[in-house]
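Please walk me through this structure in running paragraphs, with the criteria behind each term given along the way.

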Amino acid sequence: MGGMVATVTLVFIVVYLGMILGGLPFLQLDRTGVALLGAIALVGLGAVSTEAAVQSLHLPTLILLFAFMVLSAQLRLGGFYAWVTLKLAALPLRPTLLLGALVVVVGALAAVFSNDVVCLAVAPVLIDACRRRQLDPMPFLLGLACAANVGSAATLIGNPQNMLIGATLGLSFGGYVAEVIVPVLLGLLATWAILAWQTRGRWHARGEVAPLHSPDADEEAPVFDAWQTTKGLLVAGALLGVFLLTSWPREAAALIGAGVLLTSRRLHSRQMLGLVDWELLVLFVGLFVVNHALQDSGLVAQGVAALAAMGVPLEQPGILFGASVLLSNLVSNVPAVMLLLPVATDPLAGPILALASTLAGNLLLVGSIANLIVADAAARRGLTLDWRTHARAGVPVTLVTLAIAAAWLAWRAGGSPV
């Protein structure tokens with residue numbers, strides 16, 4: 001028994017070291033590969049049976065993730081995101097107000113269609129649109145990344161960790177939105193104000209402008225298809241109605257919606273499924289198995305008890321909020337949420353985990369996949385969005401939005417510190 005506990009502990013340490021480093025030294029493994037290898041090691045060494053490994057998978061979360069990936073694929077292939085971005089960029093607004101409109105639109109899109117997908121589809125089109133207006137794309141790219149992260153906290157489908165929190169804790173969709181909408185809206189306002197203040201007087205591009213067209217530009221900005229877009233939006237609207245007005249399991253409704261979208265005469269299922277983020281799904285599978293093994297070993301309960309004896313009760317709202325912020329920047333937000341869900345017993349634990357882990361993603365460039373997607377799109381168009389550039393905006397945005405969320409949650413908790 002002691003040998004198995006040691007095996008589980010070792011595998012857990014290696015896997016979470018990979019989460020911190022983004023991979024393992026000397027091996028061609030990213031976070032997904034490390035998590036999958038950890039799960040394989042636990043099953044292969046007999047620390048977890050195949051039956052237990054299957055039972056550890058939280059299917060509602062995986063199904064919800066998959067279904068909304070299909071929905072987002074429908075809208076990407078229909079050109080919806082590119083169309084919205086171009087319409088937004090064409091608004092006759094001065095740069096400060098244009099940034100504000102971008103923050104609002106991106107925040108709203110991310111709340112429904114996921115922050116990563118919105119950044120992936122909007123970033124390249126936004127860069128080209130800014131260049132056509134002779135605007136410096138950088139403040140708008142920072143606004144895109146920060147607003148996508150902040151806005152995604154507004155719902156239980158805005159990002160992967162929120163899907164996990166909502167499905168695991170059985171949170172009400174409408175109840176959660178009502179609980180967090182105020183700090184999210186204030187956070188978007190603060191994001192715009194900080195970026196507008198930092199960029200004052202420096203909105204227009206300087207020096208040479210890189211070519212508007214890149215080899216993959218056509219692939220990233222598909223032609224707008226009104227029918228395919230309408231089809232996707234109708235399914236999204238129907239799902240939101242189901243989530244808000246019925247008790248129908250969200251994963252079942254979303255799966256039916258995905259099935260409707262896959263039944264198409266024009267968009268081949270190969271195209272749709274090709275845009276599904278299978279790596280993220282595999283990451284979830286690996287982490288589910290690894291975290292289940294650690295929890296089943298009793299080490300988690302012992303660690304929580306030891307921290308409580310030292311005066312650090314993780315289930316206390318304020319400590320849970322701080323632990324979420326710290327772990328999200330240490331191991332990334334999804335693994336952090338998985339670690340903390342067993343102690344999420346407070347009535348406000350769901351909103352605390354969701355807000356803290358999501359808003360913390362703006363602190364560092366590597367704190368959120370959405371940030372990295374925007375940085376990659378910039379690099380492919382000759383722009384450098386490095387960690388210093390991001391930190392100048394990301395750090396104050398994170399600190400202010402976390403302060404807003406903490407104050408709101410403390411008020412909701414009746415004045416107890418969060």
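Threonine 229 touches Leu75, Gly78, Phe80 and Phe224, leaving aside residues up to four places away in sequence, where contact means heavy atoms within 4.5 Å. Threonine 229 belongs to helix 12 (residues 226-245); helices here are DSSP runs of H or I with at least four residues, numbered from the N terminus, as strands are runs of E with at least two. With a relative accessibility of 4%, threonine 229 counts as buried, a term that stands for under 20% relative accessible area, with exposed over 50% and partly exposed in between, for a 1.4 Å probe and protein chains only. The model is a predicted one, in which local features need pLDDT of at least 70 and side-chain atom pairs count only at pLDDT 80 or more, while totals for chains, interfaces and linings use all residues. Residues are numbered from 1 along each chain as its sequence is written, and side-chain values use heavy atoms, with hydrogens and water left out.

Phe80, one of the residues touched by threonine 229, leads on to the aromatic pairs, of which a search of the whole structure finds 11. Phenylalanine 80 pairs with phenylalanine 113 in an edge-to-face arrangement, 6.3 Å centre to centre and with 70° between the planes; rings of Phe, Tyr and Trp (its six-membered ring) pair if their centres lie within 6.5 Å, and planes under 30 degrees apart count as stacked, over 60 as edge-to-face and the rest as tilted. Because phenylalanine 80 lies in helix 5 (residues 80-89) and phenylalanine 113 in helix 6 (residues 95-113), this pair ties together parts that are 33 residues apart in sequence. Both phenylalanine 80 and phenylalanine 113 are buried. The rings of tyrosine 81 and phenylalanine 113, with centres 6.2 Å apart and planes at 80°, therefore form an edge-to-face pair too, and tyrosine 81 is likewise buried. Elsewhere, Phe68, Phe173 and Phe243 form one aromatic cluster.

Serine 114, in the loop between helix 6 and helix 7 (115-132), has a positive phi of about 85° although it is not a glycine, and its relative accessible area of 13% makes it buried. Glutamine 134, in the loop between helix 7 and helix 8, also has a positive phi, near 60°, in a residue other than glycine, but glutamine 134 is partly exposed, at a relative accessible area of 46%.

The packing of helices can be followed next. Helix 8 (residues 137-152) and helix 10 (residues 173-199) pack at an angle of about 165° with their axes 10 Å apart, where axes are lines fitted to C-alpha atoms, for helices over the stretch in contact, and angles run from 0 to 180 degrees between N-to-C directions. That angle makes helix 8 roughly antiparallel to helix 10, since angles under 35 degrees count as roughly parallel, over 145 as roughly antiparallel, 65 to 115 as roughly perpendicular and the rest as oblique. In this contact, residues including Leu142, Cys146 and Val150 of helix 8 meet residues of helix 10 that include Val184, Leu188 and Leu195.

Helix 9 (residues 160-169) and helix 19 (residues 349-359) pack at about 170°, with their axes 10 Å apart, so helix 9 is roughly antiparallel to helix 19. Gln161, Asn162, Ile165 and Leu169 of helix 9 make the contact with Gly350, Leu353, Ala354, Ser357 and Thr358 of helix 19.
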